[in-house]
Amino acid sequence: MAEPMYRQIADDLRAKIETGELPPGVQLPTEIELITALYADPDVQHVLTRHGLPVVPAGGPIWQRFPVPVQLGPDLAQELYESCGIGVHHIELLTGQPADSVRKLLHAAGVVLRPAGGRSPFLRRWRTSQTMVQLAQEV
């Protein structure tokens with residue numbers, strides 16, 4: 001049986017703190033901020049549009065946002081993971097498919113997953129853009 005989502009998230013955050021990727025006390029994005037950033041990312045927008053995936057408003061539990069998860073095939077999962085650089089939990093936020101199912105789908109497609117606790121390319125892009133916005137506001 002799959003580990004509960006809260007346990008997966010806690011383990012992921014613990015690994016990031018232990019490796020020094022997340023310094024103690026750092027402000028994490030809310031789920032709504034993360035979903036908004038995912039939908040605003042040009043790479044993600046392009047893939048979602050090409051595959052005809054709906055934009056589901058942020059807010060509320062994922063099971064309410066996706067009463068029926070979006071059909072996720074290996075091509076779409078691989079493109080979101082590799083081309084857009086988003087993580088399996090991000091794919092879950094965009095499709096409603098459980099992260100464990102996404103992970104298994106990617107593995108079956110032969111995709112080599114990034115190590116747990118590593119920041120995804122999408123998060124690096126987003127953090128960089130957030131830092132640039134903050135610097136611009138300070139000037």
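Residues are numbered from 1 along each chain as its sequence is written. In this predicted model, local features need pLDDT of at least 70 and side-chain atom pairs count only at pLDDT 80 or more, while totals for chains, interfaces and linings use all residues; side-chain values use heavy atoms, with hydrogens and water left out.

The chain averages a pLDDT of 83, on the predictor's per-residue confidence scale from 0 to 100. A score of at least 70 is reached by 83% of the residues. Confidence is lowest in helix H1 (residues 5-18), with a mean of 67. It is highest in H5, at 95. Where pLDDT is low, the predicted coordinates should not be read in detail. Helices are DSSP runs (H or I, at least four residues), numbered from the N terminus.

Helix H3 spans residues 42-50. Its buried residues (under 20% relative accessible area, 1.4 Å probe, protein chains only) are Val44, Val47 and Leu48. They cover an arc of only 95° around the axis, which puts them on the same side of H3. The arc is taken from the directions from the helix axis to the C-beta atoms. The face turned away from this buried side carries Pro42, His46 and Thr49, which are exposed (over 50% relative accessible area). The buried residues of H3 pack against helices H2 (31-40), H5 (74-83) and H6 (88-95). At the start of H3, a side-chain oxygen of Asp41 comes to within 3.1 Å of the backbone nitrogen of Asp43. Gly52 follows H3 and has a positive phi, near 70°.

H2 and H6 also meet. Their axes, lines fitted to C-alpha atoms over the stretch in contact, come within 10 Å and cross at roughly 85°. H2 and H6 are therefore roughly perpendicular (65 to 115 degrees, on a range from 0 to 180 degrees between N-to-C directions). On the H2 side, Glu31, Leu34, Ile35, Leu38 and Tyr39 meet His90, Leu93 and Leu94 of H6.

Two loop residues were examined. Leu53 lies between H3 and H4. At 14% relative accessibility, Leu53 is buried. Neighbours within four places in sequence aside, Leu53 is in contact (heavy atoms within 4.5 Å) with Leu48, Val70 and Leu76. The C-alpha atoms of Leu53 and Leu94 are 8.8 Å apart, across 41 residues of chain. Pro67 lies in the loop between H4 (62-65) and H5. Pro67 is exposed, with a relative accessible area of 68%. Its C-alpha atom is separated by 8.2 Å from that of Gly96, 29 residues away along the chain.

Notes. A polar contact is a pair of N or O atoms within 3.5 Å; within protein, one must be able to donate a hydrogen and the other to accept it, and residues adjacent in sequence count only if both atoms are side-chain atoms. Angles under 35 degrees count as roughly parallel, over 145 as roughly antiparallel, 65 to 115 as roughly perpendicular and the rest as oblique.
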